[in-house]
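This report covers aromatic rings and the charges placed over them. The structure comes first, then the text.

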Amino acid sequence: MKKINYSIVDVFSQGKYTGNQLAVFKNAGNLSDEEMQQIAKELNYSETTFILSNVKNNGGYDVRIFTPNEEVPFAGHPTLGTAYIIQNEILAEPTDKLKLNFKAGQIPVSFDHQEEVIWMKQNEPTFGQVLEADKVAEVLNIDKEYINVKYPIQEVSTGLPVIIVPLTSLEAVKKVKINKEKYFELIEYREAKAILVFSPEAYHPENDLNVRDFGDYYGIPEDAATGSSNGCLAGYLLKYRFFEKNEIDLRVEQGYEMNRASLLFLKASDADGKISVFVGGRVEKIAQGEWFL
């Protein structure tokens, strides 16, 4: 019987049992695609990662990411959680920086040891199709008046596309209840399969935004904390000068409607149209064990 070691962490955590759960498997290069997918389905976390080798390749560690339904080229909380495991369980000495190799490209990660925050630099955002508010309101099961039409509903990607929807208030965010039939109609021919809604009102006054993220296509009806989508949001906020600045430093809360309170840090800047995006958060280790194959 084959065995493989794994750890479970909470990412974008505010303490144990908050944030987004992640299982990380080490030295997983001998697993088949089917085995990785079966493991991710069995765990049923929003994502599960597989570090293919404890040895660097091209200056970084090769990592694959699976949702319960399929492999994805990049995702945010898996980046931070996997980097935490590499730092604490694979490296002989602590480091300030490392790189992870994903299908979407190589992602640099840095460690703020004093604040206990891990940061990733995401790919430069790209901006896709603008969507009609009427259609999106039907998907979200809310009145169109709850959508902030001063800003576009748009597909954005830093490696994994998402549809960004600006809402008017926290009340609007709370009202969202995805119409699955309309949702699957909307995404059928789009690269973006997830929808992020956000509001400038938050549950806690020290936070700048409240966010919810929906991705039933991936087997994730709602996500507790979504680093990739929030990186896309950071780029969107800068492009449209949502805060009337060319640089942002934000605290974003997510997962409150799921009782998985999460906290993400977003930093981004726009220099002559080139947007740089950083997403950070804290990671808490929960468990470790052996998986039998």
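K239 lies over the face of Y240, at 5.7 Å from the ring centre. A charge sits over a ring if NZ of Lys or CZ of Arg is within 6 Å of the ring centre and within 35 degrees of the ring normal. K193 is placed over the face of Y217, at 5.1 Å from the ring centre.

The model is predicted: local features need pLDDT of at least 70, side-chain atom pairs count only at pLDDT 80 or more, and totals for chains, interfaces and linings use all residues. Residues are numbered from 1 along each chain as its sequence is written, and side-chain values use heavy atoms, with hydrogens and water left out.

Y240 also belongs to one aromatic cluster, together with Y151, F198, Y236, F242 and F243.

The structure holds 15 aromatic pairs (rings of Phe, Tyr and Trp, the last by its six-membered ring, with centres within 6.5 Å; planes under 30 degrees apart count as stacked, over 60 as edge-to-face and the rest as tilted). Two of these pairs are tabulated.

| Pair | Centre to centre | Angle between planes | Class |
|---|---|---|---|
| F74 and F102 | 5.9 Å | 70° | edge-to-face |
| Y151 and F242 | 4.8 Å | 45° | tilted |

F74, in the loop between β5 (71-72) and α2 (76-90), and F102, in strand β6 (residues 97-102), are 28 residues apart. Strands are DSSP runs of E, at least two residues, and helices runs of H or I, at least four, numbered from the N terminus. F74 is buried at 0% relative accessibility (buried means under 20% relative accessible area, with a 1.4 Å probe and protein chains only). F102 is buried at 8%.

Y151 and F242 are 91 residues apart. Y151 is buried at 18% relative accessibility, and F242 is buried at 14%.

Notes
Buried means under 20% relative accessible area, exposed over 50%, partly exposed in between (1.4 Å probe, protein chains only).
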